[in-house]
Amino acid sequence: MKISGAQIVLETLKEQGVDTVFGYPGGTILDIYDELYKSGNDFMHILTAHEQGAAHAADGYARSTGKVGVCFATSGPGATNLVTGIATAHLDSIPIIAITANVPKSLIGRDTFQEVDIYGITMPITKHNFIIDKAEDLAPTIRRAFKIAQSGRPGPVLIDIPKDVCEAFCEYTPEEKQLPDEAPKPTEGTFERALELLNRAKKPLIYAGGGTVLSDASKELKAFAEKLDAPVASTLMGLGAFPNGHRLHLGLIGMHGHPECSKAAHDCDVLITCGARFSDRVAGDRSAFAPNAEILHIDIDAAEMDKNVASAYHLRGDLKELLPKLTDAIVQQKHSDWIKEVDSARTPFVQEQIGDFVNPQTLIESVDKKSKKDAIVVTDVGQHQLWAAQFYKFTMPRTLLTSGGLGTMGYSLGAAIGAKIANPEREVIMFAGDGGFHMNLIELATVKSYNIPIKMFVMDNKVLGMVHQLQKLFYGERYSDTEPYRETDFTALANAFGIKALRINTNADIDGVLDEVFSSDVPVLVDCRISPDSIVLPMNTPNSAHTDSSEEC
């Protein structure tokens, strides 16, 4: 039977196991939305307040589940509004499929109403993208997009479909769900060399990045660390892959990380890099990073090998496959003296109490204690993001969702929506600064429309906190446009959207308010009064050596 291109889009998505789509309709994509209407209960469609919210929601859905997130947008501004969300997913290797519609092929290139070259715009920020020429290409292209998004290092794929292709009819034959391509294997001899390195290590350190989460290799990482008897330092994106509280859990490595992680990286003789890329936020001055170590880099993406820091040992492949092989092959190690040396350097984070303002550490640690073990924490970008990384104890993978690579302010609310839709039985907790929250607060309309019970904490200091901090430390306290003098009443704002709102003015309010928040089954927004002078410490100066950490200012 011949069916329309719009029908083919939905049938192929259903074939790939998609049951949830985030999006916003418009003129050129109406054929797809009309078929969505006719499809009944085949799909849950979440109408966001803005297309950027739809992209972030698809991202949050994907990060929290490991599945592919899907979003829809119309042509022109609808498509361009997805761009920041697509770039966010691209920098953090998140598999999403963005489907946009465009003007009919005969009108492309004529400056037609709401025409834009979204294919060209998104080429640098997608793993791959497509523009469809005829209806017969739709099903094969969508299938290929799902394979690309999930294979190797994951990432976003965009498919742009002209309106007349949606309207055209052609034959459609269902096929099996696409599976990712088999992961690449290490080249000959590299595995044996890696084993030799590991077996002779005296001071090994595991540096675990976001790839350990993306490959679902948490159990394998734990077994490997225990067999090697090596401490584990996690990047921001790797938090949760190795359980906080384990004797080998060292903490957060990077610009605002634990000083003991930087010291261990400096002193180790073997650094095992698992799914990490030696980001500038971790390595700083890369020429001075881990100067005493031989480096084994394990990653699925060959482009990351020696890109930022040269390593003499490489293993290319899927961590979930490679770590068990390494664990089985190495002899049981015991590095008691090294572990004692590392443990002796442990320095707990302590956030200074300023006046009667809410202490970020007290707040986040209290939320951690009240929340369930499998709660999903979504952050925006800024000071609160690092405080969450420092003070919340992540013990499971896919429980921290944050924009690491792009650093997208406005990410949190859309991503929290996606995470909660994907995981209705789990708590979803959101932390945002007032600056980032202002950017996408319109998604409160989505939260209320679908009664999505997210627990939202706005850490409200009335300044653009992280940039304000940089101006304080490095620009002579010249606060150029980081004190916006906004007097937004977030509780009144939430109430205007029909959402329950509470306020925490001092530390004494925390326990009572949290009891009310965590006993509620409706969305709740909490305005938390944070001092504008609170800063994130310790801190490495940008591009400085990873050991040059300041713990006071």
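The following legends describe an overall view and several close-up views of a predicted model.

**View 1. Overall dimensions of the predicted protein chain.** The secondary structure of the chain consists of 23 helices and 22 strands. Its C-alpha atoms occupy a box of roughly 70 × 60 × 45 Å along the principal axes. The chain exposes about 21,600 Å², of which carbon and sulfur atoms supply 51%. Among contacts between residues at least 6 apart in sequence, 76% join residues at least 24 apart.

View 2. The strands are arranged in the order 16-15-17-18-20-19, and their pairing is parallel. Strand 16 (400–401) and strand 19 (500–504) form the edges, each pairing on one side only. In general, strands of a sheet pair through backbone hydrogen bonds.

View 3. Strand 19 runs parallel to strand 20 (residues 524–529), and five bridges join the two. Within this pairing, lysine 500 stands opposite valine 524 of strand 20. Helix 23 (residues 510–518) lies across strand 19 and strand 20, and also across strand 17 (428–433) and strand 18 (455–460). The helix runs at about 160° to strand 19.

**View 4. The β-α-β unit of strand 6, helix 7 and strand 7.** This unit, in which helix 7 spans residues 138–150, is right-handed. Strand 6 (residues 128–131) and strand 7 (residues 157–162) run parallel and are joined by four bridges. Histidine 128 stands opposite valine 157 of strand 7.

**View 5. The enclosed helix 17.** Nine of the nine residues of helix 17 (residues 383–391) are buried, so the helix is largely enclosed by the rest of the structure. The buried residues include Gln383, His384, Gln385 and Gln390, together with Leu386, Trp387, Ala388, Ala389 and Phe391.

Note on methods:
Residues numbered from 1 in each chain as written. Predicted model: local features only at pLDDT ≥ 70, side-chain atom pairs only at ≥ 80, totals over all residues. Heavy atoms only, no water. Pairing = 2+ DSSP bridges. Contact = heavy atoms within 4.5 Å. Axes fitted to C-alpha atoms, helices over the stretch in contact; angles between N-to-C directions. Right-handed = clockwise from strand over helix to strand, strands pointing away. Areas by Shrake-Rupley, 256 points an atom, 1.4 Å probe, with all protein chains shown as cover. Buried < 20%, exposed > 50% of the residue type's maximum accessible area, 1.4 Å probe, protein only.
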